[in-house]
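Student: I am new to this structure. Can we go through it by question and answer?

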Amino acid sequence: MKYISTRGQVPPVSFSTAIAQGLAPDGGLYLPATLPDLAPFLKDWESLSYAQLCEAFMAVFATDIDRVELKSIVERSYTKFDHADIAPIKKLSDDLFVLELFHGPTLAFKDFALQFLGNLYEAQIARTGNPISVLGATSGDTGAAAIHGLLGKTGVKTFILYPDGRVSPLQERQMTCTGADDVFPLAIKGSFDDAQAALKTVFEDRAFAAEVGLSAVNSINLARILAQCVYYLSAFFRLPAEIREDVTFVVPTGNFGNVLAGWLVQRMGVPIKGFRVATNQNDILHRLFQTGIYQLDEVAPSLAPSMDIQVASNFERFLYYAEDCDSAKVREVISTFKQTGKYVFEDFKSDGISSSRTDDAEIGAIIKRVYEQHGYVADPHTACGFTGDFDGPQLVLSTAHPAKFPDTIVESIGQDSTHPSLETLKAREIVKYAVEPTPAAIKAFMRAH
Ligand SMILES: *Cc1c(COP(=O)(O)O)cnc(C)c1O
């Protein structure tokens with residue numbers, strides 16, 4: 001299997017190259033050159049365990065990785081989950097289900113991809129003998145998931161920039177209380193955007209990148225999307241057989257990454273009925289699906305902070321297919337959007353994806369309603385999935401454990417949500433490093449460590 005760029009200006013590459021590069025050199029995102037048809041496999045895959053299913057699925061894509069090695073990579077990626085099903089389904093009523101994606105080490109769905117990516121990196125280092133330095137910037141969940149995905153991997157040093165005082169206390173503890181001496185949480189004075197800007201400049205210094213073996217844990221890495229495809233397959237198999245083809249998957253989304261993974265699975269021949277994109281008050285995707293206009297707006301910080309984004313980077317992958325694989329059209333849309341902050345589609349093909357929006361004023365009320373009706377505590381991101389009227393059976397993807405957002409939970413239902421792993425963290429020492437958000441200061445710190 002070869003991988004192509006959505007912008008069509010670089011030759012196809014292997015799986016390992018696509019993963020190692022993250023972003024394609026023409027600025028596009030990698031996709032499989034052709035999407036396989038999974039329909040013939042479904043009967044055999046239905047009875048597999050989560051890790052077996054992941055191995056079978058990944059083997060279709062990671063064709064340049066030895067199958068025995070792939071099996072070992074996959075098996076190690078799901079050992080730190082605290083539920084035997086890895087991605088269990090909870091039934092709230094006959095036509096309302098929740099897919100719990102928060103049983104990994106940092107209690108948010110990003111663990112599914114970053115545990116796997118950490119093991120892919122480790123295998124790559126073992127193959128090449130070249131150690132790497134991972135540098136990333138985070139507003140919370142991604143940094144924590146990346147640190148825990150890379151923790152203890154031989155040959156990896158992890159540097160994560162985050163805005164001091166602007167991530168939640170528990171997210172900070174997940175990054176700073178690991179006790180590991182090859183993990184460096186860098187608290188910067190400034191915003192996430194300052195961190196992101198400095199990081200970009202560091203990556204542009206080719207000589208420095210080569211010197212330290214610089215690598216990114218990019219949210220646009222195809223390995224992350226593919227790892228997320230597996231829980232859509234697993235969920236499809238775990239739904240009651242008589243209704244599974246009638247269930248709409250509701251996905252709390254910011255970057256369009258999570259829902260894209262499900263939509264790809266559907267496009268590969270798995271008969272999922274359809275998807276709903278559930279945004280918070282930062283609703284660029286909701287507006288797009290309602291009006292066909294993709295238009296930038298200010299980010300308004302919300303109670304569901306991991307969905308506070310302006311530009312949904314993974315939308316480019318959907319766009320590529322929506323425009324019938326026309327890379328020139330993708331380039332035109334992206335460049336117009338970059339220049340003007342807006343693109344008006346003449347005839348936007350939503351491909352059956354519907355959308356909803358939930359603002360902060362509604363999130364607390366939804367958490368309360370879901371708790372009163374079903375005895376179920378949803379985190380503020382998941383709450384966005386419970387908005388509005390449902391048409392037919394629904395599966396809401398729960399992207400984080402409620403204990404990560406204790407203030408909103410207490411305010412909504414009058415009682416605390418806790419998790420043992422977070423309680424343990426509260427007793428541990430915080431180790432973080434204050435660094436100026438300048439490329440020079442970051443490079444000096446990385447060289448010194
Ligand atoms: C990252 C994140 C999201 C958004 O995921 P996308 O892939 O950007 O759609 C939603 N909820 C939580 C808890 C997250 O950490």
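Tutor: Start with one term: buried means under 20% relative accessible area, and exposed means over 50%. Keep in mind that this is a predicted model.

Student: Which residues of helix H17 are buried?

Tutor: Helix H17 spans residues 406-413. Apply the cut-off of under 20%. The residues that are buried are Thr408, Ile409, Ser412 and Ile413.

Student: Which exposed residues does the face turned away carry?

Tutor: Exposed asks for over 50% relative accessible area. On H17, the face turned away from the buried side carries Asp407 and Glu411.

Student: Which residue just after H17 takes a positive phi?

Tutor: Go just past the end of the helix. The phi there is about 70 degrees, and the residue is Gly414.

Student: How many residues of strand S14 are buried?

Tutor: In a regular strand the side chains alternate between the two faces of the sheet. In S14, Gln394, Val396 and Ser398 point one way, and Leu395 and Leu397 point the other way. Both groups are buried. The count for S14 (residues 394-398) is five of five.

Student: Which residue of S14 stands opposite Val98?

Tutor: Strand S4 (residues 96-100) and S14 run parallel, joined by five bridges. S9 also runs parallel to S14, through three bridges. There, Phe249 has Leu395 as its bridge partner. Opposite Val98 stands Val396.

Student: Which strands stand at the edges of the open sheet?

Tutor: Five strands form the sheet, with parallel pairing, in the order S8-S5-S6-S7-S15. An edge strand has a single partner strand, so one side is left without a neighbour in the sheet. The edges are S8 (214-215) and S15 (433-435).

Student: What angle does the direction of helix H7 make with that of S6?

Tutor: Helix H7 (residues 169-176) packs on the sheet. H7 touches strand S6 (156-163) and strand S7 (183-188). Its angle with S6 is about 160 degrees.

Student: How many aromatic pairs does a search of the whole structure find?

Tutor: Rings pair if their centres lie within 6.5 Å. Over the whole structure, the search gives 35.

Student: Why is the pair of Phe81 and Phe112 edge-to-face?

Tutor: The ring centres are 4.9 Å apart. Planes over 60 degrees apart count as edge-to-face. The planes of Phe81 and Phe112 stand at 65 degrees, so the pair is edge-to-face.

Student: How many residues apart are Phe81 and Phe112?

Tutor: Phe81 is in the loop between helix H4 (67-77) and strand S3 (89-93). Phe112 is in helix H5 (residues 110-128). Both are buried. The pair links distant parts of the chain, and the separation in residues is 31.

Definitions and conventions
Residues are numbered from 1 along each chain as its sequence is written. This is a predicted model: local features need pLDDT of at least 70, side-chain atom pairs count only at pLDDT 80 or more; totals for chains, interfaces and linings use all residues. Side-chain values use heavy atoms; hydrogens and water are left out. Rings of Phe, Tyr and Trp (its six-membered ring) pair if their centres lie within 6.5 Å; planes under 30 degrees apart count as stacked, over 60 as edge-to-face and the rest as tilted. Helices (H or I, at least four residues) and strands (E, at least two) are DSSP runs, numbered from the N terminus. Buried means under 20% relative accessible area, exposed over 50%, partly exposed in between (1.4 Å probe, protein chains only). Two strands pair if DSSP finds at least two bridges between them. Contact means heavy atoms within 4.5 Å. Axes are lines fitted to C-alpha atoms, for helices over the stretch in contact, and angles run from 0 to 180 degrees between N-to-C directions.
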